[in-house]
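Please read them with the structure open.

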Amino acid sequence: MKKLGENMLVVQSNKLTEAAHSLTLIEKRLVIAAAALHDPRIPHRDGHKVTFHVDDFISVFGNMDRNSVYREVATGAERLYNRSIRQIEEKRGRKIITDMRWVAFAQYDKGQGTVTLGFTSYALPYLTLIHTEFTEYRLKHVGHLGSFYSVRLYELFVQYRKAGQRTITLEKLRDMLDLGDKYPRVNSLRQRVLDPALKEINKHTDLRVKMTVQRKGRSIAGFHFDITQDEQIPLDLPAPAEVDSI
């Protein structure tokens, strides 16, 4: 069984980075850990399972409560079985939505303290280099992010770190975060999702992101993000995002 380490690379298809999905933080961490342990160069047509020890998991995601982590991991593994990746495509003016299960099985061995995730053959290509375009980052860059949205937005930004900027329409961003009916007002979206996530990303990761509002008339149509990368991860000095007022 391979050990998790904070310098391990997380490699996933850009199609997964762009696809809509919503997980709890613990579920997202389980997927990231499995992606880091999976060898993306090896195709697995019938799916593939990944096993790791919870103690290694804690060492990477260091802001976890040791008293409750085993219970959280067990619950997260169980719930991940019922989660899906949502692919949203536009074809001839029609929106086509495809839901795919992440895993065929999710197992927590209480006696051994291990988690085993069996990725489906549908989900696996999204996690690997089977597609030629991919996004990669190191586990240490997301180890101290404390919300699913922070991790999710980090992935969307790190994908464009070389370009240095990314603009996302409001509709597309809501789809990517699989928000559904949550936070229908832009004010609440910023206060509950975007602003806290950007603050965490700027404080705890290798990215510095500034957000500006994109308007169409008086309405907000989307957001523009300026992205710079700094390999020296800050310790306790926050670098809050600069945002336009609505």
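1. Start with helix α8 (residues 186-204), which lies across β9 and β10 and runs at about 155° to β9. Helices (H or I, at least four residues) and strands (E, at least two) are DSSP runs, numbered from the N terminus. Axes are lines fitted to C-alpha atoms, for helices over the stretch in contact, and angles run from 0 to 180 degrees between N-to-C directions. Contact means heavy atoms within 4.5 Å.

2. A word on the basis. This is a predicted model, in which local features need pLDDT of at least 70 and side-chain atom pairs count only at pLDDT 80 or more, while totals for chains, interfaces and linings use all residues. Residues are numbered from 1 along each chain as its sequence is written, and side-chain values use heavy atoms, with hydrogens and water left out.

3. The sheet under α8 is open and has 3 strands in the order β8-β10-β9, paired antiparallel. β8 (165-169) and β9 (207-216) are the edge strands; each has a single partner, so one side of each lacks a neighbour in the sheet. Neighbouring strands are turned by 20° against each other on average, direction ignored. Two strands pair if DSSP finds at least two bridges between them. β8 and β10 (residues 219-229) have 5 bridges. Ile-168 has Phe-223 of β10 as its bridge partner.

4. Helix α6 (residues 148-158) lies across β8, β9 and β10, at about 85° to β9. Of its 11 residues, 11 are buried, so α6 is largely enclosed by the rest of the structure. Buried means under 20% relative accessible area, exposed over 50%, partly exposed in between (1.4 Å probe, protein chains only). Among the buried residues are Arg-152 and Glu-155.

5. Ser-22 sits in the loop between α1 (14-18) and α2 (25-37). Its relative accessibility is 17%, so Ser-22 counts as buried. Leaving aside residues up to four places away in sequence, Ser-22 touches Arg-83, Phe-148, Leu-177 and Asp-178.

6. What surrounds the largest pocket? Its lining has 15 residues, with Glu-18, Gln-87, Ile-88, Glu-89 and Lys-172 nearest the centre. α1, β3 (84-91) and α7 (170-176) each give two or more residues, and β3 gives the most, 5. A pocket is an open set of points on a 1 Å grid over the protein atoms alone, where a 1.4 Å probe fits, with protein on both sides within 12 Å along at least five of seven lines; lining residues have an atom within 4 Å of a point.

7. The lining divides into 5 nonpolar, 1 polar and 9 charged residues. Asp, Glu, Lys and Arg count as charged; Ala, Val, Leu, Ile, Met, Phe, Trp, Tyr, Cys and Pro as nonpolar; the others, Gly among them, as polar.
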